[in-house]
Amino acid sequence: MILTANPLDARHARSWLLVSASRTEDFDLADRSDADAVILDLEDGVVTAERSGARRSVAEWLSGDGAAWVRINAATTDDWSADVDALRGLAGLQGVMLAKSESGQQVRDTSVRLGAAVPVLALVESARGIEFAYDIASEPATLRLAFGSGDFRRDTGAGAEPDALAYARGRLVVASAAAGIAAPIDGPTLADDRDTRVEALAVTRSMGMSGKLCMHAAHTGDVNRELSPSAEDAAWADEVIDRLGADGSGVRSGSDRPQLARALTIRTRLDALRLSY
């Protein structure tokens, strides 16, 4: 497999590495990792007493040679206002992840304060957020939805098993497709055991999600591999497109059309990830 250098278009990014904004020594290390995207975390990754200093550190890094996304605090908090004021206009700001997104209005307010050119990842972490997922996804500033699975479980009492979270994941996937935006980003898997991570990524993939939050740089390689089309997928897609034609000129029955649609999706994904086998 050949992969060209980052960065990828964030609509197609697979691994989203969260880095505490209070650990400035990790900023450059994260930037050199295999992560498709790096998120400097001003919310849960920083204790309240340290947020002002972390905010200054992030602003300084993004004003220099650094480039990253930033997770900002929920729109209902005072920290949200301080976050957007500190980040507005910074050259290295690639976008923001809005914690605890629960309405389209919160995304809209964030976009207005930061400027329309700054994309928003809406992190949905509550029952209310899941219920309003389509409204959130439909906001023009929303690039993708992301699943805050840990906080969602705390809010609802749901277990960690795939079946317990299938409804929430499915709502985010359907809302994203209905709103015409890229597939959502799944919550992190904290286990150090690689087999457990791979099993969790199989759930992510089967649910129709195409990215995953990561808490450790060492996990990003597994995410990138498991959320990319395989060599077998690529070979199958090429065979179908050759047989049926990219324009559908070779379609002979109704059952051909779903195959061609899937093949074209795989080919589009490979091109977007700049992958070749």
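Helices (H or I, at least four residues) and strands (E, at least two) are taken here as DSSP runs, numbered from the N terminus. The model is predicted. In these terms, α7 (149-156), α8 (162-179), α9 (194-206) and β9 (211-214) each give at least two residues to the lining of the largest pocket.

## Largest pocket

The volume of the largest pocket is about 700 Å³. Its lining comprises 31 residues, and those nearest the centre are S149, G150, G187, P188 and L190. Helix α7 accounts for the largest share of this lining, with five residues.

By class, the lining of the largest pocket consists of 12 nonpolar, seven polar and 12 charged residues.

## Second largest pocket

The second largest pocket has a volume of about 570 Å³. It is lined by 20 residues, and S210, L227, P229, T265 and R269 are the ones nearest its centre. Two helices, α10 (220-226) and α12 (256-273), each supply at least two lining residues. The largest share, five residues, belongs to α12.

The lining of the second largest pocket divides into six nonpolar, seven polar and seven charged residues.

## Enclosed cavity

How many cavities of 30 Å³ or more does the structure hold? There is one, and the largest cavity contains about 70 Å³ of space. Its lining is made up of P188, T189, R197, L201, K212, L213, C214, M215, H219, D222 and V223. P188 is also among the residues nearest the centre of the largest pocket.

Elements α9, β9 and α10 each contribute at least two residues to the lining of the largest cavity. Strand β9 provides the largest share, three residues. Six of the lining residues are nonpolar, two are polar and three are charged.

## Nonpolar cores

In soluble globular proteins, nonpolar side chains tend to be buried together. The largest nonpolar core in this model has 51 residues, and L40, V58, L62, V70, L87, L93 and L145 have the most contacts inside it. Leaving aside residues up to four places away in sequence, L87 touches V58, L62, V70, I72, L93, V96 and L114.

## Salt bridges between elements

The whole structure contains 26 salt bridges. One of them joins D186 and K212, with the closest N and O atoms 3.8 Å apart. D186 belongs to strand β8 (residues 185-186) and K212 to strand β9, so this pair ties together parts that are 26 residues apart in sequence. Are these two residues buried or exposed? D186 counts as buried because its relative accessibility is 0%, under the 20% cut-off. K212 is buried as well, at a relative accessible area of 4%. K212 is also listed in the lining of the largest cavity.

A second bridge pairs D238 with R267, whose closest N and O atoms are 2.8 Å apart. It links distant parts of the chain: D238 is in helix α11 (residues 231-244) and R267 in helix α12, 29 residues apart. Here D238 is partly exposed, with a relative accessible area of 31%, and R267 is partly exposed at 23%. Helix α12 is the element that gives the largest share of the lining of the second largest pocket.

## Other salt bridges

The side chains of R23 and D26 form a salt bridge with an N to O distance of 2.7 Å. R23 is partly exposed, its relative accessible area being 41%. D26 has a relative accessible area of 21%, so this residue also falls in the partly exposed class, which lies between 20% and 50%.

Some salt bridges share partners, and these join D41, E43, R71, K100, D151 and R154 into one network.

Terms used. Residues are numbered from 1 along each chain as its sequence is written. This is a predicted model: local features need pLDDT of at least 70, side-chain atom pairs count only at pLDDT 80 or more; totals for chains, interfaces and linings use all residues. Side-chain values use heavy atoms; hydrogens and water are left out. A nonpolar core is a set of buried Ala, Val, Leu, Ile, Met, Phe, Trp, Tyr and Cys residues joined through side-chain atoms within 4.5 Å. Buried means under 20% relative accessible area, exposed over 50%, partly exposed in between (1.4 Å probe, protein chains only). Contact means heavy atoms within 4.5 Å. On a 1 Å grid over the protein atoms alone, a cavity is a set of points where a 1.4 Å probe fits but cannot get out, and a pocket is an open set with protein on both sides within 12 Å along at least five of seven lines; lining residues have an atom within 4 Å of a point. Grid points are joined across faces, edges and corners, and a volume is the space filled by probe spheres set on the points. Ala, Val, Leu, Ile, Met, Phe, Trp, Tyr, Cys and Pro count as nonpolar, Asp, Glu, Lys and Arg as charged, and the others, Gly among them, as polar. A salt bridge is a side-chain nitrogen of Lys or Arg within 4 Å of a carboxyl oxygen of Asp or Glu.
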